[in-house]
Each structure stands twice: as structure tokens, then as C-alpha cells.
Amino acid sequence: MITDRFHQLRREELAQIFTKNYISSIWRKVVRDQLRKTDILDIYDYYDFNYNIDSRAQLLRTDILNGMYSSSKPLIYRIEKKFGICRHLIIPQPIDALVLQIITEWISKEVLSNQPSKNSFYSRDRHNLKKPYQLKEDKDDYGFDWKKNWKKMQKKIYSFNEEKELIIVTDLSNYYDSIYIPELRKIITGYIDKKESLLDILFGILERNSWLPDYLPYTGRGLPTSNLEAVRLLAHSFLFEFDSILMKKTNNNFIRWMDDVTIGVDTREEAVNTLSSASDVLKSRGLALNLKKTNIYNSKEAEFHFLIEENRFLDSFENRQELGSGSELSRRFRKHLKNNASAKYFEKVTKRYITAFGKLNSKRILKDVPKLYNETPGIRPNLLYYLSMLGYSKRTSRVVLEIFDELKLHDDISLFSICHLITDWNIPLNEDGDEFIKNAIAKIKYFSKSRKQIFDFYCLLWVKTKYDHPVELFNFIEEYKNIWKTHPFSRRQVTSIMARLFMFKEDKVQKFLESQISTAEQQVVSIANTLIEFKNSTEIERKVSMYLFPKNKYKIYPLNKFLVLCSFLNSSVYQNDDNIKEKIRHHIDDPYYKKWIELQYNIK
């Protein structure tokens with residue numbers, strides 16, 4: 001029910017914030033890329049949302065100003081931390097991610113102005129977007145990315161080691177899960193001025209996006225974990241009071257990266273007093289230090305646990321104009337694996353080594369990848385980056401199959417990450433390539449059948465979307481409809497894949513899309529309507545061409561963008577246009593994409 005409070009007070013405030021142009025800009029400049037960086041990707045790149053962003057923005061504005069907006073259930077997935085123990089993460093629906101970022105834009109400057117120390121860091125999304133009222137001279141320092149902040153933090157740690165007798169390392173126990181949301185709201189309210197309506201929307205989304213298994217009631221405790229900036233900002237700001245105490249107790253000789261804290265002190269007594277005081281402050285907010293990860297190191301111990309010499313070496317290595325053959329890097333890496341496994345920063349430095357080998361295109365650690373991937377979940381993204389930089393070959397393909405053979409799955413993203421790599425690779429149309437794809441699909445199918453998890457089926461679907469003949473792919477979808485129909489996310493992905501199948505099964509695909517429209521599931525209906533609309537296109541739009549064929553050619557043409565390309569090529573207008581054909585020849589290098597484009601659309 002909407003009262004006069006909304007019409008007389010809140011509506012005006014919201015109308016100034018949720019303007020159509022501003023909503024569209026936030027999507028294009030921030031949120032679209034945020035969703036492209038999530039662990040689980042939409043196989044259609046949310047292009048149905050992106051294509052109609054202006055009308056979506058107007059609809060969102062109307063819903064907000066009429067008091068009708070309500071967030072939807074997010075996609076919840078698991079990521080392994082260690083020993084099969086998983087963290088639950090969320091990916092909000094695009095419209096909710098957009099609302100979250102808009103609110104973040106309007107409160108972040110006020111919130112961050114209350115940050116007591118510049119020694120506290122969190123990862124921020126980079127962009128140069130100004131609010132509607134901002135003048136050119138209003139410089140909003142909104143650009144720090146995590147790499148820059150990480151390097152600043154490392155330099156502080158180096159200085160602690162040289163200037164202080166002891167270094168305290170600690171973090172907070174189950175930080176996100178322990179945050180009491182009403183307490184968080186109270187703190188945020190104290191940082192910003194007259195934005196109650198925004199906070200009502202913000203915390204309403206957080207409640208709706210919380211993990212509530214087994215019909216359990218909402219407890220008000222636990223901040224949803226997400227890669228989106230809004231959640232990171234809230235988690236960061238909840239510790240400003242903690243920062244203020246540390247700043248005064250240590251004369252600002254501390255570093256905090258979210259809930260990971262490093263403090264420089266001169267005596268053990270100072271260390272104990274600081275930890276005692278910090279612990280009391282945290283307990284007053286329902287938080288606690290992780291005692292198992294709390295240690296006091298002397299200079300020699302700190303140098304070992306923070307791997308300061310290793311970091312310095314890697315800094316110098318990355319700054320060289322000529323990286324060399326990698327022999328020195330390999331020697332240092334072997335020594336690092338052997339001697340530093342018990343160091344606090346072992347994983348972080350291992351990631352840096354692996355990334356360095358990738359930039360060098362060195363195969364010196366290739367034989368170590370399967371063991372590292374299966375034993376150390378935290379470095380898996382870096383190992384896949386390394387394999388991506390090396391590209392497909394007989395040797396790298398054997399490594400991927402070895403990973404499959406030894407993989408013990410406990411989460412939802414480790415398998416998908418490998419599948420994403422497989423579809424990023426340019427695999428040749430020859431006997432070796434065919435054999436690798438056949439073996440890889442068989443191994444993915446084994447996981448899907450044995451675990452019966454929807455994300456495992458999605459992984460199988462992802463790979464088959466690129467490498468299966470359209471008829472085989474359609475038959476596969478029909479055969480396993482009892483699986484993908486059980487989950488809105490998988491139903492949307494399957495509906496998106498129809499973009500590749502129109503030319504072979506037009507009548508059946510049309511019927512399929514119409515049946516999905518009748519489900520009334522918003523994200524499914526959206527993609528089904530979009531595929532029908534694109535097939536019936538009567539003119540070539542500039543914005544479509546810019547999306548499909550950007551000025552700077554992709555090194556790897558993404559699978560989800562290829563599906564969007566197919567959905568437009570289903571239209572005779574795009575299919576027969578010589579300019580489009582020429583752009584396809586220039587931008588598409590992948591042998592399988594070229595094969596399907598020729599087979600489906602007769603474009604050589």
C-alpha cells in the first residue's frame with residue numbers, strides 16, 4: 001500500500017535519482033561489465049536487457065516512482081574456499097544489479113567521506129560516470145581499482161617490516177555472515193544525509209537476495225556475498241569505527257583490505273593492548289577476530305609470511321621491458337612451492353607467479369597445473385588464465401583432461417571455469433581437436449550425471465552450444481528437458497541457445513519459444529521475445545553492429561556474443577548484407593564459429 005508519505009515526500013527524491021538517462025548510463029558504463037565479470041555467465045550476455053535498455057530504464061523509473069518496484073530472487077552458487085568448504089555467492093537479476101549500483105553511486109561519496117583512514121582498501125569498479133548535477137570541475141575520485149590498491153597495501157607492509165619491531169596479522173571470523181543488517185543500516189544512516197528512501201530500497205534488495213535455505217526465516221544477520229560494488233562498499237564501511245580505533249591506537253600504522261588486517265607495532269605489550277581493544281570494539285557490533293589467524297610476527301617472521309622478497313622480485317620482474325626466457329622465474333617458483341607453503345601469503349604470491357608465466361607464454365609450469373588446480377582452489381582462476389594465454393595445443397589439451405580426471409568437485413564454478421576456457425580456445429577442425437572435444441564433453445557429462453547439479457548440466461550445455469551440430473544440440477535439449485525445466489536460470493540458458501537452431505528447426509524453435517513465453521517467467525519471456533524480434537528484423541541497426549563488431553577486434557570472440565550474432569543472422573536482412581558478411585570475416589577467427597556460420601547461413 002502506498003501512502004501520502006510516498007507521494008508527497010519520497011517520490012520527488014527518487015525522481016531526481018532514477019532518471020531514464022542516468023539509469024541507462026549506469027547500465028552501459030558499469031553494470032553490464034559487472035555482470036560480465038561474474039563467476040557464472042549468462043550465455044546470451046543479457047543482451048535482451050542491453051538491447052532494450054532505454055525502454056527498460058523508463059519502465060524501472062515508472063515502477064520506482066509508482067512504488068511498485070520489487071527485487072527478484074538472485075542466482076545463488078557456491079565457490080570452494082578450502083577442503084570442500086564453500087562460500088555462497090549471489091548474482092542479482094540485471095534490474096536489481098542496476099538498482100544496487102545506482103544507489104551506490106548516490107551514497108558512496110558521502111559514505112567514503114567518513115572513512116577515517118586512507119589505509120583501508122576495498123575493490124571499486126572503475127568508470128568515469130558523473131551524476132546528472134555534477135559539473136566538470138567536480139572531481140569525483142572514483143577510479144581506484146583493486147590492483148592499484150593492492151600495490152599500495154603491499155608497500156605499506158614493506159615499510160612496517162622495516163620500521164616496526166613486530167607485525168600483527170589478523171582477520172575477522174565469518175565476516176559477511178556475522179554482519180547484523182539492522183546494525184549496518186544504522187551505521188550507514190549516520191554517514192549519509194536524507195536518503196531514507198534509497199536505504200529502504202537498498203536493504204530491501206539485500207533481504208530478498210539473502211541465502212535462505214529450507215524455507216528458513218530471514219534472521220537479519222548476514223550480508224549477501226557478491227562481486228557487486230554495492231555489497232563491497234557496505235562491508236567496507238561497517239568497519240570504519242574499527243579503523244578509527246586502530247588509527248588512534250597505532251598512530252595509523254595499520255592496513256586493512258576488507259576484513260584482512262595488518263598492524264605495525266614496536267612492542268609485544270602494544271600488540272596485545274591493540275588486539276584487546278580492537279576485539280572489544282568488534283564484539284560490540286557482533287563481530288570477532290579470527291583467533292586461529294591472529295599472529296604477532298617479528299621482522300624475520302613477517303618477511304617470511306608476507307613473502308616480501310618474493311613480492312619484490314615479482315615487482316621487478318613485471319617492470320622489466322624484456323621478460324626473458326623465464327628460467328629465473330621458474331627457478332624462483334620451484335623454490336617458492338618447496339619452501340613457502342606455510343607462509344600466510346603463499347596463495348597470493350603463487351597467483352602472481354602463475355600470472356607472470358602466463359604473460360611470458362612460458363610452458364615451464366604446465367606439468368604442475370593439474371595438481372595445483374585440484375589441490376589449491378584459491379589459485380584456479382590464475383591457472384585458467386595461464387592456460388588461456390598459452391592457447392590450445394595437444395599439450396595444453398592433455399593438461400585439461402588430466403584436471404578432469406583428478407577433479408573433486410565441491411562447488412559450482414570450478415567446472416564451469418574449465419568449460420569457459422574450452423570454449424575460449426580456438427580448437428582446430430582436425431582429428432586431435434575432435435578427439436579432445438569428444439573426451440572433454442564425456443568427462444563433463446560424467447560430472448553432470450553423477451552429481452545431478454543444475455550448474456553441472458549448465459557446463460555441459462555451455463560447451464555443447466559451441467561444438468555440437470545444431471540438430472544434435474536440439475535433440476540434446478529435448479532429451480534432457482526434465483532437467484533444465486526445473487530451474488529458471490537453466491531454462492533461460494536453453495531458450496537463449498535457440499538462436500543457433502532457428503535455421504535448422506524453424507517450426508520447432510518457433511513453437512518452443514512460444515511455449516517459453518507462456519511460462520510468464522520474466523527472464524525467460526524476455527529472451528524468447530527477443531529471439532523472435534531479432535529474426536523478424538527489417539533493418540540493420542548501428543548499435544547492433546557496434547556490439548557485434550567493436551572497433552577493437554576481440555582477441556577471443558565470446559561464445560555468448562556469438563549466440564547474439566546468430567540471433568541476428570536468422571534475419572534475412574543481416575544474413576544477406578555484404579557489409580555484415582565482411583565484418584564477420586574480419587572479426588570471426590574461431591574455426592568452429594566459421595564452420596557453423598557457413599553451414600547455417602552460407603557465409604564463407
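Analyst: F568 is buried, with a relative accessible area of 0%. Buried means under 20% relative accessible area, exposed over 50%, and partly exposed in between (1.4 Å probe, protein chains only). This is a predicted model, in which local features need pLDDT of at least 70 and side-chain atom pairs count only at pLDDT 80 or more, while totals for chains, interfaces and linings use all residues. Numbering starts from 1 along each chain as its sequence is written, and side-chain values use heavy atoms, with hydrogens and water left out.

Y574 is buried too, at a relative accessible area of 1%. F568 and Y574 belong to one aromatic cluster, together with Y47, Y51, F534 and Y547.

Now the pairs. The whole structure holds 35 aromatic pairs. Rings of Phe, Tyr and Trp (its six-membered ring) pair if their centres lie within 6.5 Å; planes under 30 degrees apart are stacked, over 60 edge-to-face, and the rest tilted. Helices (H or I, at least four residues) and strands (E, at least two) are DSSP runs numbered from the N terminus. W484 is buried, with a relative accessible area of 1%. F512 also counts as buried, at 8% relative accessibility.

Two rings carry a charge. The charged end of R332 sits over the ring of F313, 4.3 Å from its centre. R500 places its charged end over the ring of W596, 4.7 Å from the centre. The criterion is NZ of Lys or CZ of Arg within 6 Å of the ring centre and within 35 degrees of the ring normal.

W257 in strand 5 is the bridge partner of F121. That contact belongs to a parallel pairing of strand 3 (residues 120-121) with strand 5, over two bridges. Strands count as paired if DSSP finds at least two bridges between them. Strand 5 also runs antiparallel to strand 6 (residues 260-265), joined by four bridges. There, I255 stands opposite T262 of strand 6. The hairpin of strand 5 and strand 6 has two residues between the strands, and M258 takes a positive phi near 55° in it.

The open sheet has five strands in the order 3-5-6-4-7, with mixed pairing. Its edge strands are strand 3 and strand 7 (295-298), each pairing on one side only.
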